[in-house]
Amino acid sequence: MLDFPRWKTIGISIILLLGILFSIPSFLPTKAFESLPGFAQAKVNLGLDLAGGSHLLLEADIADLRKTQLTNMEKTVRTAMRGDSGPDDDIAIGELSNAGGGISFLVRDQAQLDEARERLFSETQGAGLTGQRDWNINVVDSQRIVLTPTSAGQAQAVANAMDTARDIIDKRVNALGTREPTIIREGNDRVVVQVPGLQDPAALKELIGKTARLEFRMVDTNADPAEAAAGRVPVGSEIVPYAEGEGSGAPFEVLRRQVMISGEQLINAQQSYDPQSGQPVVSIRFDSGGSSTFAKVTAQNVGKRFAMVLDGKVLSAPSINEPILGGSAQISGSFSVASANALAISLRSGALPVKMTVVEERTVSPELGQDSIEKGVLAGIIATVAVLTLMLVVYGRFGGYANLALVFNVFLIIAIMAAFNATLTLPGIAGFVLTVGAAVDANVLINERIREELKRGRRPFQAVELGYTEASRAIFDANVTNVIAAALMFWFGSGPIKGFAVVLTIGIVTSVFTAVTVTRMFVAHWLRTNRPTSINI
Amino acid sequence: MRLLKLVPDDTNYDFLKWRKLASFMSFFLVVVSIALVAVKGLNLGIDFVGGQSVRVEFTQEMPPIEDIREAVREIGIGEATIQQFGSDSAVSIRTALPDGDKAAAERAGQQLVAGIQKAFPTAKTGSVETVSGKVSEELLRTGAISLALAMLGISIYIWIRFEWQFGVGALGRLFHEVALTFGFFAITQLQFDLNSVAALLTIVGYSLNDTIVVYDRIRENLKKYRKMDIVPLLNLSINETLARTVMTSVSILLALGVLLVMGPDVIFGFTAAMLFGVFVGTYSSILMSTPVLVWLKVGPHSFVPRTVAGIEGGERVERKDDGAVV
């Protein structure tokens, strides 16, 4: 123990030095931090409870996704049966329905059954690793084809939708211009959004919750308002309600089912003002395909009305006074500048493939966060000083060595957290304080053991040696149990608790290093240079 | 320089003498704690029951709690639980989730904030939290699982490192501490939320830390003094580690005490629970974790192979490895 080799001393010193160096950026004010070279820009992140901001957990409406999946398949079936090369190629079908979680339809001419199956087969794909396809195609009653989604197909549909949803939410949040948002998928059907420094999450929720499925559809002028009010509408049309606060008197419009232009054909959307009324509106531009369709339809329907439908609700239904050429339009409604801007961002980023609802929200104001940091850091410093004083009073020189190691420990924890870009939360500060308390435990164990061995009449060298070796065993076991607890917190905990577990785990590892190895280096050096005949401990 | 000794040298207290009393006390306290949880119930936070929680700070004088309650009632989203934070001019207002669809839950949170700001224009909302019923059920489940796994995992670790009797002792002690902490939450009606689970896990980890130190010494003494009876041996082990137990507990109580008094009120409950746990843990280390070993008949044979024991039977046996599981 006393032959502490030189390479070991050098190695430990380097680690301690690195610890101090890497912890420095975390103490610097933002400005000084940003002037550092890129490689040195690693610091401890502040959790939302300290920095202030919003944490949102969004859950996808899987039932809604399944419904969309079925509707899409229904469309696919229609198109596939129509054939590519004219009316001769058509397969006559009937009784097409998507009830009961699958698609079923009747092939009128039994001779075409195989051909129909063939065409559908090429529309389905393999899903997952099991070799399953995404849809099962079965023939029942010799004339009816039933398509049912397989579990692998459904799982893949959810996974794809969630990936797309995450990307779209990412685009939308980034368009808000907030700093360092975090958007990650969690579990099967969830997305976590964390935006630091945000005071009011209402706008954020408005923005990311919107599916933003935009459709332009013609108003059915043949529908009789009285009939429609009773729920009867012409074939090929449907009743679409107005969005909240829209529509002058009428609660709904009767619209053609066919979609004239949809949101996918947009190339840009921007908040602007209506030149006549000065109201905030959203200006949109179509791509070339969309522009020509829009021009054609509006030219054919001068004097009629079309409706702008967002997420299944009518926003407005203006009259077509003249053909609209040039491929741009304005979406009007009772918008505020903020809501028009939010809609523009949503439209630009594309429609969400699935409806998302906020199932958990935690927002902390930056002021409360700042207050927590100040009080937490002050309490942490005072607690540390109190413990350091106690150690010094109880163990003298050996307490001093332990204290020095403890200070190094603080730097090391910060340095490692910075290196991993870990997040410091409020419970994390508590974890820090607890670590300080627990870190001295190792030194208490060692020092008490040295006291004991001295009492038994051992000489200083031997007492110190035994103190370290005998105590190390208990220190090791004790810390393993703490790591078990911390690991479980990390796995099962969320947000702030994860932060607590991270600090605790790092603290346990570094404190064993500083409290055992580093203090031993100090003690060994002192013993070697002074050769004391008695120890005051 | 004369150094401070928290515990005098060479103590020889007969702790085991009180083992029946201590065990009875502990058993009694565990029963009381469980009864308290059953009767008074835990003040479950929205993490575990769902709902909205808003923290409101009053920059000027705080209105009476009744006024706040009335203001929330007028919003029409149900009865509120209002809790004051320490001496601060801040309260937490909690309401249950409205039944039915999730969108309604979202709106209710906004309504709560808007309603409070209307009733008390000078008030500031420090934090807003909304947890849906589904998420809160999951959080409750994972919280319970992690606590159970921690207790089990750590006990198994001790069983592997020591002997099965020690594992049982550790598990019993953990159960004792966790039950008492639950009782603490029931009697103080401090909000029980995710942070409380973290506090419980910390208590579990810390408490085991203590157990291990004592058990390690017992193992060492069992090998060292092979002829000694188990009761005096346990007493000796506790006395030998007493200085350490007290010193570490005092350090941690000191650190947590400062955090409790001066730290942010947001984590008051978290710190209070840990403080309580450490306090109970100290008592357990001294009086609680050893009687089990007497009843489960731990002896020198638990660690040293019988054959070797027969031949040597002396005062000191060379240790071959640390674990020494036979």
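**Entry 1**

I began with strand β13 (residues 266–273) of chain A, which pairs with β14(A) in the antiparallel sense over 7 bridges. I take strands (E, at least two residues) and helices (H or I, at least four) as DSSP runs numbered from the N terminus, and I call two strands paired if DSSP finds at least two bridges between them. This is a predicted model: local features need pLDDT of at least 70, side-chain atom pairs count only at pLDDT 80 or more, and totals for chains, interfaces and linings use all residues. Residues are numbered from 1 along each chain as its sequence is written, while chains are lettered from A and ligands numbered from 1 in the order in which they are written.

Within this pair, I find Gln270(A) opposite Ser283(A) in β14(A). The two strands form a hairpin with 6 residues between them, and Gly278(A) in the turn has a positive phi of about 75°.

On β14(A) I also noted antiparallel pairing with strand β17 (residues 328–331) of chain A, over 4 bridges. There, Ile284(A) has Ala329(A) of β17(A) as its bridge partner. I then checked burial, counting a residue as buried if 20 or more other C-beta atoms lie within 10 Å of its own, exposed if 12 or fewer, and partly exposed in between, with C-beta atoms placed from the backbone. Strand β14 (residues 280–286) of chain A has 5 of its 7 residues buried, so it is largely enclosed by the rest of the structure.

**Entry 2**

I next looked up an open sheet of 4 strands in chain A, in the order β12-β9-β15-β16 with antiparallel pairing. Its edge strands are β12 (261–262) and β16 (313–316), each of which pairs on one side only. Strand β15 (residues 306–310) of chain A is joined to β16(A) by 3 bridges, and Val309(A) stands opposite Val314(A).

The loop between β15 and β16 of chain A holds Asp311(A). Asp311(A) is not a glycine, yet its phi is positive, at about 50°. I recorded it as partly exposed, with 16 C-beta neighbours inside 10 Å. Most residues other than glycine have a negative phi.

I found a positive phi also at Glu95(A), where the value is near 50°. Glu95(A) sits in strand β3 (residues 93–97) of chain A and is exposed, with 10 other C-beta atoms within 10 Å.

**Entry 3: chain A overall**

For chain A I counted 14 helices and 19 strands. Its radius of gyration is 34 Å, well over the 24 Å that the globule rule gives for 537 residues, so chain A is more spread out than a compact globule. This radius is taken over C-alpha atoms, and the rule is 2.2 Å times the number of residues to the power 0.38. The C-alpha trace spans about 110 × 60 × 40 Å along its principal axes. Of the 537 residues, 44% count as buried.

The domain assignment, from an automatic or database source, gives domain 1 (6–52 + 365–530), domain 2 (63–154) and domain 3 (210–363). I noted 60 Å between the C-alpha centres of domain 1 and domain 3 of chain A.

**Entry 4: chain B and the interface**

Chain B has 11 helices and 6 strands, and 47% of its 326 residues count as buried.

How many residues of chain B are in contact with chain A? I found 62 residues of chain B in contact with 63 of chain A, contact being C-beta atoms, placed from the backbone, within 7 Å. On the chain B side the largest share, 14 residues, comes from α8(B).

Strand β18 (residues 356–364) of chain A runs antiparallel to β5(B), with 5 bridges joining them. Glu360(A) has Val131(B) as its bridge partner.

**Entry 5: nonpolar cores**

I define a nonpolar core as a set of buried Ala, Val, Leu, Ile, Met, Phe, Trp, Tyr and Cys residues joined through C-beta atoms within 7 Å. The largest has 137 residues, of which Val433(A), Met489(A), Leu201(B), Val204(B) and Ala255(B) touch the most other members. Helix α11 (residues 366–419) of chain A gives the largest share of this core, 24 residues. A second, separate core of 59 residues includes Met218(A), Ala307(A), Ala317(A) and Leu352(A).

Notes: Two residues are in contact if their C-beta atoms, placed from the backbone, lie within 7 Å.
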